[in-house]
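Please look through the structure shown below, and then follow the paragraphs that come after it from one part to another.

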Amino acid sequence: MNQTPPSRLQVDSQISRILRKSLLTVVAAILGLLVAAVAWAYWRAHACLPQLEGTIQLPGLSARVEILRDARGVPHLRAQSFDDLLFAQGYVTAQDRLWQMDLSRRLAQGELAEILGERALRLDVENRTLGLRQMCERAIAEFDPESRQMLTSYVRGVNAFISTHRNLLPIEFLILRYQPRPWREVDSFAVAANMWKVLSTSWPQDLIRERIRARVAPDLYANLFPDHSPLDHPVAELGAGTGQTSQFLRAPPGPANPDPRLNALLTIASPQALSTGQGSNGWVVAGRHTVSGKPLLANDPHLRHSVPSVWYMIGLKAPGVDVLGATFPGLPAVILGHNERIAWGATNTGPDVQDLYVETFNPHEPSQYLHNGRWSEAESREEIIRVRGRADYRLKVRVTRHGPVISREGNRDLALRWTALEPHAMAYPFWKIDRARNWEEFVAALRDLAGPMQNFVYADADGNIGYYAAGWVPVRRRGDGSVPVDGSTDDDDWTGYIPFEKLPHSFNPSSGMLATANGRIVPDGYPYFLTHAWDPPYRTARIYQLLEAGGKFAVGDMLRIQFDIHAIYFAWLAKQLLSAAEQYPPQGSDAQFALAALQGWDGEARADSAAPLICEVTNRALYERILKPKLGNDLSDYSWPLSSVFIQNVIENRWNRWLPPGDRDFNVTLVKSLEEGVRLIPQMAGSSDYATWRWGDTIRLTFRHPLDSLPLLGRLLDIGPFPQSGTHTTVKDTTPSGGVSMRMVVDFGHLDYSVQNITLGESGQVFSPYYRDQFEAWYEGSSFPMAFSDAAVQQATRHRLVLEPAVAH
């Protein structure tokens, strides 16, 4: 019996059902794979989080070590020997910050392009040229045996973590598909080398000074770089607190004349100083100014922001040492903090420790350069830089008697002399500082610090307070090194360094208070040259203003000062604008609104205020209006942190040599700058509505992770944006990319009442509960207790991990 063949419609319907079923099967398979992938990614991201509880057996330990973590994941280590203590510090730091540590060592040693590709090549070329790796290798060879052993203990701890977690490393290693090599002693020095570079690089300003000096008359040149202000508070007074009234009056030996994501990459590996200066605040008050009758010490370093945080907080205790504070991931010991007897903080001094020399090379023998009428042979080395996704980059580096040739401008070769590249410059004094018990031992430890030069503030349990600016500062045969000089003779060479005893310092001043904020630290009688590039004095002046207001201070008062947002410079500018407008009232509605906003302003740079924004745009316009007639319409060739003290001097002294052409007087200049500045606000605010003129919205802060340019990772890894209060000249130093990196207040009335916090959290791993748990306190200006005594640490403990020596089989 013949069957009727299916119709075309039936065939099509059957095919359609098969296709739908197949499609559903494929979709289900894809969804299943996606779910599995997401589940695996979730598992993998959480599986690499550090073990915080239980027991871990590790080879290399000689005895049991306890790791007690508090509610913010801050580890407090308890060991039976200093070697085991440092081993454990290396281990727990790697638990939380291994990828940051790896990036930091790669930055210094010029190996970032190997994992990040061509976008990092410029940084590698720069640091290979400087020879940071060679600097670190030399430092290891110069280390004394005891210090070498301590550093080796830390390194063994880092490697104990790496070797036992090869398959569960932080997700950044997985994303970039590479494995970290074992940690070495030279890698810890690389972390320190990054800080040297960040906090002491000044040679680009030498080139800018040279261009400006060639463009303007000597009196104008001198005006542009003021190094004095009526608001200065030199902390090292002549003979004060030293017992030697002639300390700073003796002449020195020999003659002496006075891309945002690339930023994120730089920052995580090396905490960059702010583009407008190396900021920080540090002060100390004696017991007669405090509620407890014992000293209070406050410190808040200012650096470029990063994910994870620049600092890592830790407590270290073993026989002979009991210290708590903050360090840089990759460096052992505590850098800033306190032990049971002393406390210390630091701000960057910023001396000029880099000079550029114009070297004359032999046109017939390019390896030879001129020295005192004779040709000398330059050292030469070839650096091979591996670049991900492309061929290796070959770099030839030449080194003269002054240092590496870092720049070639036309036929001019510039060599850099820098204290960091000198022999024995990389000593590490923090082993000794952490164990110092008084001023004498603290100062003795500072003798080992070559740089970067720091303003150390000090307090102790006996009620003493002090200050010491420690580090190497060159004494020059002539000049001050502020512009490039001829390198073919010895005429501009260094003759040595300022003797340690002659460095600025003070002990128990009669005022009972000491404060530094990167401003001028020495009076006019100081016989040695330090720098022309002091930070503007406004933060220092405001700190003294608040400290000298009277009353007795407690920890909370110190925190309020650290979070102070009174803008001395902007308040001055607002007053000048209001006065000028009385004589020359502006006609535009925007300028009139701006004046009304300034009229009742109290000088506080609040995030929701229009006044700081008005002052900021007017200040920019004022700079341009005054400078362009002298330097030309394109000021990009002169991009340096121009001091606001210059503007104050011009306006207050009515220096008519700076009066813009066509302006009748400086009141006209001020009003026209206001009118020009406020035209920019609608674009900055995104609206012409005056309600959107909010300062904080124009300086929003995002903490950027170096990998945030990869798809979807930015939303996961970055933190922000957030509106901000404060300015770069307020005590709460604020910019869109940097500011306060850590806050610490130490109370010798009761050390357990001391407080400390960092920007984000202890962990660099995004799924850790300690990735950003400190942010809210940092943002709002509060802090957390620094548990120090055994009882306080035990009470604060939330996680207990025990490291034990591995049993030999």
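In this predicted model, strand E9 is mostly covered, since seven of its seven residues are buried.

Which strands are joined to E9 by bridges? One of them is strand E8, residues 336-339, which runs antiparallel to E9 and is joined to it by two bridges, with Gly-337 having Trp-344 of E9 as its bridge partner.

The largest cavity has a volume of about 470 Å³, and among the 35 residues that line it, Met-195, Phe-328, Ile-335, Phe-430 and Pro-452 lie nearest its centre. Strands E9 and E17 are among the elements that give two or more residues to this lining, together with helix H8, strand E5 and helix H12; H8 gives the most, with six residues. How does the lining divide by class? It has 26 nonpolar residues, nine polar residues and no charged ones. The second largest cavity has a volume of about 90 Å³, and its lining, which includes Asp-70, Arg-72 and His-76, has seven nonpolar, two polar and two charged residues.

The rings of Trp-439 and Tyr-468 have their centres 6.3 Å apart and their planes at 40°, which lies between the limits of 30 and 60 degrees, so the pair is tilted. Because Trp-439 lies in helix H13 and Tyr-468 in strand E18, the pair ties together parts that are 29 residues apart in sequence. Trp-439 has a relative accessible area of 10% and is therefore buried, and Tyr-468, at 4% relative accessibility, also counts as buried. Phe-593 and Trp-693 form an edge-to-face pair, 5.2 Å centre to centre and with 90° between the planes. This pair links distant parts of the chain, 100 residues apart, with Phe-593 in helix H17 and Trp-693 in the loop between helix H21 and helix H22. Phe-593 is partly exposed, with a relative accessible area of 26%, whereas Trp-693 is buried, with a relative accessible area of 1%.

Terms used
Residues numbered from 1 in each chain as written. Predicted model: local features only at pLDDT ≥ 70, side-chain atom pairs only at ≥ 80, totals over all residues. Heavy atoms only, no water. 1 Å grid on protein atoms, 1.4 Å probe; cavity = no way out; pocket = protein on both sides within 12 Å on 5 of 7 lines; lining within 4 Å. Points joined across faces, edges and corners; volume = space filled by probe spheres on them. Helix = DSSP H or I, 4+ residues; strand = E, 2+ residues; numbered from the N terminus. Nonpolar A, V, L, I, M, F, W, Y, C, P; charged D, E, K, R; others polar. Buried < 20%, exposed > 50% of the residue type's maximum accessible area, 1.4 Å probe, protein only. Pairing = 2+ DSSP bridges. Phe/Tyr/Trp six-rings, centres within 6.5 Å; stacked < 30°, edge-to-face > 60°.
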